Amino acid sequence: MVAGLVTGSSIVVPDKMLAGAGVAVVRDEVSSVDRAERMVTTVSGATFSYDKLYLATGASPFVPPIEGHDLHGVVTLRGLPDAEKIRELIGTATPKRIVCIGAGFISMEVASLLVALHGSRCDVTVVELLDRPLPLMLDGDMAAEVRDYLEEKGIRLLTGEKVARLVGRDGRVGGAALASGTVLDADIVFMNVGVRPNTALAESIGLEMGRFGIKVNGYQETSDPDILAGGDCVEKINVITGKPTPGQLRGPAVVQGRLAAKRLAGYDIAFPGVVDAGGCKMFDMTIAATGLTEERAVQEGIATVSGVVESRSKHAMIPGVRPWKIKLVFNRENQRLIGGQIVAYDVAPAREIDAVSAFILGGKTIRDLTTFTSACNPDISSEPSAEPITIAAEQALQKVGKTH
């Protein structure tokens with residue numbers, strides 16, 4: 001099997017963790033794959049034969065083709081080279097005006113870190129086309145609290161706005177011109193509006209493509225059974241809708257790599273699909289979400305019912321109590337749980353999103369969750385009489401009534 005061919009020197013370098021298992025790491029770029037001969041060729045001219053080939057080509061930041069996107073000072077954040085470029089830009093002089101395009105979790109974490117690092121010495125503005133921060137993770141009712149909190153911390157949020165072009169002088173960015181006519185001054189512009197799968201190699205050798213990347217079956221096999229693929233370069237299936245989705249998060253990529261290895265070792269364990277569970281941390285606030293938001297569910301033609309509960313990180317009598325809020329979204333027709341959102345001022349409560357994901361994967365219903373009990377301890381959980389997942393389900397039960 002050939003795996004892990006990456007850009008760099010073509011010298012075969014033994015890795016201490018892998019050498020004992022007979023694995024060699026080659027730092028090079030693959031130029032072509034001959035499927036008929038089962039042969040990989042690299043840019044340096046090295047060739048490798050294979051019985052099975054695994055593609056893990058990942059994804060790259062999507063940079064909208066707006067005027068000025070190639071100016072110095074316009075950066076994306078995807079990997080270590082991007083982080084080093086950003087550190088160099090910030091290290092040369094403290095930026096006074098920073099614009100982040102897109103209010104997804106990468107932009108919001110970058111914005112909060114910059115404010116935490118530089119405080120009042122820099123002005124940070126986030127521009128989002130949709131009507132709220134974290135629009136793919138949170139519904140409007142949950143995002144409202146996040147917006148208020150971030151603005152209190154000093155981040156300026158401009159929603160419902162579109163960046164029409166970037167302006168500059170002598171090849172360096174100087175501002176962002178919005179479609180509304182406003183021009184925002186900027187020393188640095190962070191462009192984080194999504195990623196695109198790296199499928200050029202797969203396409204060049206004739207593998208079947210899906211809407212969101214390389215098409216694979218449940219065992220990570222492509223249209224060529226001798227070539228497997230996984231991670232951000234492949235299309236995945238959403239567990240709830242049964243439809244193709246990008247699913248470009250670290251968790252699914254790790255599991256797909258493991259499952260491909262198991263497939264080669266003779267195991268038949270299929271990838272179950274994704275629920276797009278993710279989270280982010282900004283200052284003292286942690287946000288986590290899984291499954292569908294109500295808005296996304298409506299777009300999919302699913303009628304919903306939901307429950308929203310204000311909770312506490314500990315029993316009310318214990319010092320250090322921090323507030324948190326959970327929203328559960330159910331399919332009104334079959335009462336199955338299809339989504340959850342958490343906004344918390346402590347990390348521990350946000351981890352309940354994993355329980356919500358498990359309930360979604362297990363097909364649990366409103367009635368099922370009214371009987372849920374958590375591991376209860378005054379220092380680490382809400383009171384059992386006010387367990388937020390259970391109370392959210394109770395709210396939804398009252399809305400659907402006894403007829404369901």
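User: Let's begin with contacts: which residues is Met 285 in contact with, leaving aside its neighbours within four places in sequence?

Analyst: Contact means heavy atoms within 4.5 Å. By that rule Met 285 is in contact with Glu 145, Val 146, Tyr 149, Cys 280, Val 343, Ala 344 and Tyr 345. Before we go on, the ground rules: this is a predicted model, where local features need pLDDT of at least 70 and side-chain atom pairs count only at pLDDT 80 or more, while totals for chains, interfaces and linings use all residues. Residues are numbered from 1 along each chain as its sequence is written, and side-chain values use heavy atoms, with hydrogens and water left out.

User: Where does Met 285 lie, and is Met 285 buried or exposed?

Analyst: Helices (H or I, at least four residues) and strands (E, at least two) are DSSP runs, numbered from the N terminus. Met 285 lies in strand 21, residues 285-291. For burial, the cut-offs are under 20% relative accessible area for buried, over 50% for exposed and partly exposed in between, with a 1.4 Å probe and protein chains only. Met 285 has a relative accessible area of 0%, so it is buried. There's also a sequence-versus-space angle here: Met 285 and Val 347 are 62 residues apart in sequence, and their C-alpha atoms are 7.9 Å apart.

User: Now cores. Which members of the largest nonpolar core touch the most other members?

Analyst: A nonpolar core is a set of buried Ala, Val, Leu, Ile, Met, Phe, Trp, Tyr and Cys residues joined through side-chain atoms within 4.5 Å. The largest has 35 residues, and Leu 134, Leu 138, Val 146, Leu 150, Phe 190, Met 282 and Ile 287 touch the most other members. Take Leu 138: not counting residues up to four places away in sequence, Leu 138 touches Arg 132, Ala 143, Val 146, Ile 287, Thr 293, Gln 341 and Val 343. Apart from that core lies another, of 23 residues, including Ala 288, Ile 326, Phe 330 and Ile 389.

User: What is phi of Leu 134 near?

Analyst: Phi of Leu 134 is near 50°, a positive value in a residue other than glycine. Leu 134 lies in the loop between strand 10 and helix 3 and counts as buried at 1% relative accessibility. Asp 170 also has a positive phi, near 55°. This one lies in the loop between strand 12 (163-169) and strand 13 (172-178), and Asp 170 is exposed, with a relative accessible area of 77%.

User: On to rings. How many aromatic pairs does the structure hold?

Analyst: A pair of aromatic rings is described by the distance of the centres and the angle of the planes. Rings of Phe, Tyr and Trp (its six-membered ring) pair if their centres lie within 6.5 Å; planes under 30 degrees apart count as stacked, over 60 as edge-to-face and the rest as tilted. The structure holds 3 such pairs. In one of them, Tyr 149 and Tyr 345 have ring centres 5.5 Å apart and planes at 80°, so the pair is edge-to-face. Tyr 149 sits in helix 3 (residues 140-152) and Tyr 345 in the loop between strand 24 (337-344) and helix 7 (347-350), 196 residues apart. Both Tyr 149 and Tyr 345 are buried.

User: What about Phe 359 and Phe 372?

Analyst: Phe 359 and Phe 372 are edge-to-face as well, at 5.2 Å centre to centre with 80° between the planes. Phe 359 is buried at 14% relative accessible area, whereas Phe 372 is partly exposed at 21%. As for clusters, Tyr 149, Phe 283 and Tyr 345 form one.

User: Last one: what order do the strands have in the open sheet of 5 strands?

Analyst: Two strands pair if DSSP finds at least two bridges between them. The order is 8-15-9-10-11, with parallel pairing. Strand 8 (74-75) and strand 11 (155-159) each have a single partner strand, so one side of each is left without a neighbour in the sheet. Strand 10 (residues 123-128) and strand 11 pair over 5 bridges, and the bridge partner of Glu 128 in strand 11 is Thr 159.
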